[in-house]
Amino acid sequence: MRPFPEPDPGEPALGSPGRYLLWLAAAHRASAVLAVGYGVLCTLAQAFVPAAIGRGVDRGLIAGDRGALVAWCAVVLGLGVTQAVTGTLRDRCSVTNRFGASYRTMQLVTRKAARLGAELPLRVSAGTVVSVGATDITRIGAALESTARGGGAVVSIAVVAGVMLTVSWQLGLVALVGVPLSAAAIAALMRLLHARQHDLRKEQGALADLAVDIVDGLRVLRGIGGERVFADRYRERSQRVRQEGVRVAGVESGVAAGRLLLPGLLVTVIVWLGAHFVGTGRMSPGALVAFYGYAVFLADQLRRATSMVDQLTRAFVAARMVTDLLAMEPGLGSGDLEPDPRGARGALRDPESGLEIPPDRFVGVACARPDDMLLLADRLGRYVDSPVTLDGTPLAAFPLAEVRRRILVVDHDARLFSGGLGSQLDPHGPAAAGGTGGDTGGGTGEGADGRPAEGTGDSAGDSADRLRRALDTASAHDVVEALPAGLGQEITGGREFSGGQRQRLNLVRALLTDPDTLVLVEPTSALDAHTEARVAERLGAHRRGRSTVVLTTSPILLDRADHVVLVEEGTVVAEGRHGELLADPRYRAVVTREVTVA
């Protein structure tokens, strides 16, 4: 599908579920109009078949006119061919509408998720996002697809009712009264179904949230023996979903019964009256055959029309979830000041805590409270509003995308995605283009400062050298070499790796990104002492010429830092080298877990 401009968030199309569905239909105006047009032609061709058959019976069979019989048979054949051709074109346009609406909604949701960025998990649950992507967009697409058949059904019902009034006003009146009454009865059930489906959708979202939590914390649950507690909680929640599903199924069964029973009763009444009229000579046998065909046709078209209403009802519930997500706006503003190339490499300072990160230094930050680590990382990376400055200029003055490009924060939530491992670590490197992981050792190929010069592209050889050097710094060669396909191995979100292996691979990806300032939150907490020592030894040399901030209480990492800062109660209380600060009991209590007795 060709690219399309994102609508203005204030546009009425995104203001309500109904307007959003209308906006989607307008976005596919050509195919939507063609689909409905072909749908009308197809159903009208089908509607005129009973009339042609009735004429053939009266003027051909009963009158004994072979020529008339052949002529009306040819008309029936022509109507069948027309129905087949227009039905094919209708279905083709309908499928275009379905997938176009689904993919367009997915594009908008994905774009909104990207704009919200780190704010998304704070604003909406993971289960809700999963449900939107897995269920809601499908229902919206199915609703747009149903409008072609449903629209044709509505038009054909009106045309056939008019024809029946012309031939026999009594039978036509029965049809005109019976069809709206049947539709009204089914519509009442639809309204109840709408409410029940909304409740079910909420319960399904809550169950998806719980499932995501259990999957994410499965290792922790097993460690503390909490599987049974969460299994019971999941069982209880799933039973609530089942009960809501049974309630919805009860209403759906009523709708299905109404779709079958009410049109069937209407057909029965029309046929009985028609047979009576034939017996009294008020109607010809051919007309009775035509009326029977009309009645069956009306019953089928009524089911199609109510099916369209059902699909639109489901889509309305789904569109409400989508519009609620699309209505969210980022809480962080974005400035328009372009950073000076030299100033962008200046000191990063947080006035609230007094923390200052000099340019081109490896700084260790030890926090007495773990929460302070995450708060400092969020402020330095501008994931929350803060007065942090870069070379004296507030970060809020710069475009948010530029801040993200120059300051990279890697915390506990950093994760790998599904796909080739090489493309996860270095999306622009040779591994992403199909390179193998058979050779991950060897030389470095870096420049005098240990990294490529700014503004120049890397050749395939340079990229491979950078990747090998990052793997060496993160001590991750063994992780890659243990995989059958090396860097070409397809992974499933990193679930096949241990916590320490994921930490090392995330560090490789961060080093390859090579930002001006790299902020790492406990990057070695899951590593053994020997591996951690190797990473600490190599990290400073790898990042020479760049600013690196490591928020950690690991004495191994802090010992290798150029400068160490101690933060208590959100404020810097001591600075110096690791060896010097060990004389401070406050620092010693944080780093060595030494307990001081008053």
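Modeller: A residue is called buried when its relative accessible area is under 20%, exposed when it is over 50%, and partly exposed in between, using a 1.4 Å probe and protein chains only. This is a predicted model, in which local features need pLDDT of at least 70 and side-chain atom pairs need pLDDT 80 or more, while totals for chains, interfaces and linings use all residues. Residues are numbered from 1 along each chain as its sequence is written, and side-chain values use heavy atoms, without hydrogens and water.

Biologist: Why is Leu 512 called buried?

Modeller: Its relative accessibility is 7%. The limit is under 20%, so Leu 512 counts as buried. Leu 512 is in helix H15 (residues 499-513). Helices here are DSSP runs of H or I with at least four residues, strands are runs of E with at least two, and both are numbered from the N terminus.

Biologist: Which residues is Leu 512 in contact with, leaving aside its neighbours within four places in sequence?

Modeller: Contact means heavy atoms within 4.5 Å. On that basis Leu 512 is in contact with Leu 425, Asp 426, Arg 466, Leu 467 and Ala 470. Its C-alpha atom is also 9.2 Å from that of Arg 469, which is 43 residues away along the chain.

Biologist: How do you know that the buried residues of H10 lie on the same side of the helix?

Modeller: Helix H10 covers residues 370-380, and its buried residues are Asp 372, Met 373, Leu 376, Ala 377, Arg 379 and Leu 380. They cover an arc of only 165° around the axis, so they are on the same side of H10. The arc is taken from the directions that lead from the helix axis to the C-beta atoms. The exposed residues Pro 370 and Asp 371 are on the face turned away from the buried side.

Biologist: What makes Leu 380 a buried residue?

Modeller: Its relative accessible area is 1%, and the limit is under 20%, so Leu 380 is buried. Leaving aside neighbours within four places in sequence, its contacts include Leu 348, Asp 350 and Leu 355.

Biologist: Which strands does H10 lie across?

Modeller: H10 lies across E1 and E2, at about 125° to E1. Axes are lines fitted to C-alpha atoms, for helices over the stretch in contact, and the angles run from 0 to 180 degrees between N-to-C directions.

Biologist: How do you know that E1 and E2 pair?

Modeller: Two strands pair if DSSP finds at least two bridges between them. Strand E1 (residues 348-350) and E2 have three bridges, in the antiparallel sense, so by the definition they pair. Leu 348 has Ile 357 in E2 as its bridge partner. Both strands belong to an open sheet of four strands in the order E2-E1-E4-E5, with antiparallel pairing.

Biologist: What makes E2 and E5 edge strands?

Modeller: Strand E2 (355-357) and strand E5 (393-394) each pair on one side only.

Biologist: Why is strand E11 described as largely enclosed?

Modeller: Strand E11 (residues 563-568) has six residues, and five of them are buried, so the rest of the structure largely encloses it. E11 pairs with strand E3 (residues 362-367) in the parallel sense over five bridges, and Cys 367 stands opposite Val 567. E11 is also joined by five bridges to strand E12 (residues 571-576), in the antiparallel sense. E11 and E12 form a hairpin with two residues between them, and Glu 569 in the turn has a positive phi of about 55°.

Biologist: Why is the pair of Tyr 20 and Trp 23 called stacked?

Modeller: Rings of Phe, Tyr and Trp (its six-membered ring) pair if their centres lie within 6.5 Å; planes under 30 degrees apart are stacked, over 60 edge-to-face, and the rest tilted. The structure holds two aromatic pairs. For Tyr 20 and Trp 23 the centres are 5.9 Å apart and the planes are at 25°, so the pair is stacked. Both residues lie in helix H1 (residues 17-27), three residues apart, about one turn of the helix. Tyr 20 is buried at 0% relative accessible area, and Trp 23 counts as buried at 13%.
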